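Subject: Structure for you, with notes on the helices

Hello,

Here is the structure I promised to pass on. My notes on what was found in it follow below.

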Amino acid sequence: MELDGRVVVVTGGTRGVGAGIARSFLAAGADVVVCARRPPREEVSADGRKAAYSPVDLRDPAAVHDFFGAVAARHGRLDCLVNNAGGTPYRLLGEGEAQRHARVVELNLLAPMTASLAAYPWLREARGSVVMIGSVSGTRPSPGTAAYGAAKAGLENLARSMAVEWAPDVRVNSLVLGMVRTELAHLHYGDEAGIAAVGATVPLGRLAEPSDVGSAAVFLASDRAAYVSGASLLVHGGGERPAFLDAATVNKES
């Protein structure tokens with residue numbers, strides 16, 4: 001197992017993409033700790049191995065500091081931090097107060113920075129890595145989730161700056177995700193017909209599975225990516241077909 005003996009923390013690892021990432025690390029042999037404000041409905045496990053769970057509010061710097069100290073005390077090391085926790089409800093800018101949008105930025109940008117700073121001493125000692133879970137919403141217009149898109153754009157830039165400041169001791173990279181099918185996909189895309197229709201807009205013909213994201217995260221944390229830092233790996237199935245191609249009245253495929 002390529003990550004035997006490694007210790008990995010996955011924030012927001014109790015469900016959805018985070019749980020998929022945690023399972024991929026478990027399958028690769030790592031000891032995994034998942035954290036969130038609420039416990040998982042069922043244990044996060046893979047190949048007969050289980051992730052440990054710790055409650056923590058990532059917006060509380062003191063609690064985050066104590067959490068990473070406890071992880072290091074229990075396991076003796078920390079090799080990788082996956083900053084996955086985040087998300088946003090659909091809310092147009094004009095339909096919410098600035099304070100509500102600021103909370104989205106806090107969760108998706110400030111919380112990963114808080115966690116990274118708290119984890120840094122242990123990651124440096126292990127010559128480990130940080131994996132930021134970004135989004136294509138940070139690279140294109142994001143109507144209805146503008147604050148989220150702005151935070152994800154900032155997260156990608158933060159990762160690049162961290163990669164320079166923390167080299168050569170800690171590698172820092174980003175996964176830039178497209179649409180992922182999770183237990184909450186219906187909130188974004190509708191029923192099964194809606195999910196299938198949205199998946200058909202992706203060049204690879206489907207939404208990503210959490211395991212697709214997990215496999216990419218394991219790669220970035222592994223020795224196979226030892227010379228990869230400050231990089232942004234697109235995990236979006238080929239992206240989006242440009243709308244103008246369908247709107248044009250020439251050069252149509254027969």
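**Notes on the helices**

Ala63 counts as partly exposed, at 26% relative accessibility. Please keep in mind that this is a predicted model.

Ala63 lies in helix α2. Leaving out residues up to four places away in sequence, Ala63 touches Val56 and Asp57.

**Helix α2**

Helix α2 runs over residues 61-75, which makes 15 residues. From first C-alpha to last it reaches 21 Å, close to the 21 Å expected at 1.5 Å a residue. Just after α2 comes Gly76, with a positive phi of about 80°.

Which residues of α2 are buried? They are Val64, Phe67, Phe68, Val71 and Ala72. Seen down the axis of α2, the buried residues fall within an arc of 130°, so they line one face of the helix. An α-helix has 3.6 residues a turn, so residues three or four places apart point the same way. On the face of α2 turned away from the buried side are the exposed residues His65, Asp66, Ala73 and Arg74.

What covers the buried residues of α2 includes four strands, β1 (7-11), β2 (31-36), β5 (52-55) and β6 (80-83). Helix α3 (98-126) is also part of that cover.

Two packed helices are described by the angle between their axes and the distance between the axes. For α2 and α3 the angle is about 30° and the axes are 9 Å apart. Angles under 35 degrees count as roughly parallel, and α2 and α3 are therefore roughly parallel to each other. The crossing of α2 past α3 is right-handed. On the α2 side, the residues that meet α3 are Pro61, Val64, His65, Phe68, Gly69 and Ala72. Their partners in α3 are Thr114, Ala115, Ala118, Ala119 and Trp122. Val64, Phe68 and Ala72 are also among the buried residues of α2, whereas His65 is one of the exposed residues.

α3 also packs against helix α4 (residues 146-165), at an angle of about 20° and with the axes 8 Å apart. That makes α3 roughly parallel to α4. Here too the crossing is right-handed. From α3, the contact is made by His101, Val104, Val105, Asn108, Leu109, Pro112, Met113 and Ser116. From α4, it is made by Ala147, Tyr148, Ala151, Lys152, Gly154, Leu155, Leu158 and Met162.

**Gly18 in helix α1**

Gly18 sits in helix α1 (residues 16-27). Is Gly18 buried or exposed? With a relative accessible area of 1%, Gly18 is buried, the cut-off being under 20%. Apart from its neighbours within four places in sequence, Gly18 is in contact with Val10, Gly12, Gly13 and Asn84. Pro89, which is 71 residues from Gly18 in sequence, lies 18 Å from it, C-alpha to C-alpha.

**Helix α6**

Helix α6 covers residues 192-199, and its buried residues are Gly194, Ile195 and Gly199. They take up an arc of only 135° around the axis, which puts them on the same side of α6. The face of α6 turned away from the buried side carries Ala193 and Ala196, both exposed.

Regards

Methods. Residues are numbered from 1 along each chain as its sequence is written. This is a predicted model: local features need pLDDT of at least 70, side-chain atom pairs count only at pLDDT 80 or more; totals for chains, interfaces and linings use all residues. Side-chain values use heavy atoms; hydrogens and water are left out. Helices (H or I, at least four residues) and strands (E, at least two) are DSSP runs, numbered from the N terminus. The expected span of a helix is 1.5 Å times one less than its number of residues. Buried means under 20% relative accessible area, exposed over 50%, partly exposed in between (1.4 Å probe, protein chains only). The arc is that of the directions from the helix axis to the C-beta atoms. Contact means heavy atoms within 4.5 Å. Axes are lines fitted to C-alpha atoms, for helices over the stretch in contact, and angles run from 0 to 180 degrees between N-to-C directions. Angles under 35 degrees count as roughly parallel, over 145 as roughly antiparallel, 65 to 115 as roughly perpendicular and the rest as oblique. A crossing is left-handed if the near helix is turned anticlockwise from the far one by less than a right angle, and right-handed if clockwise.
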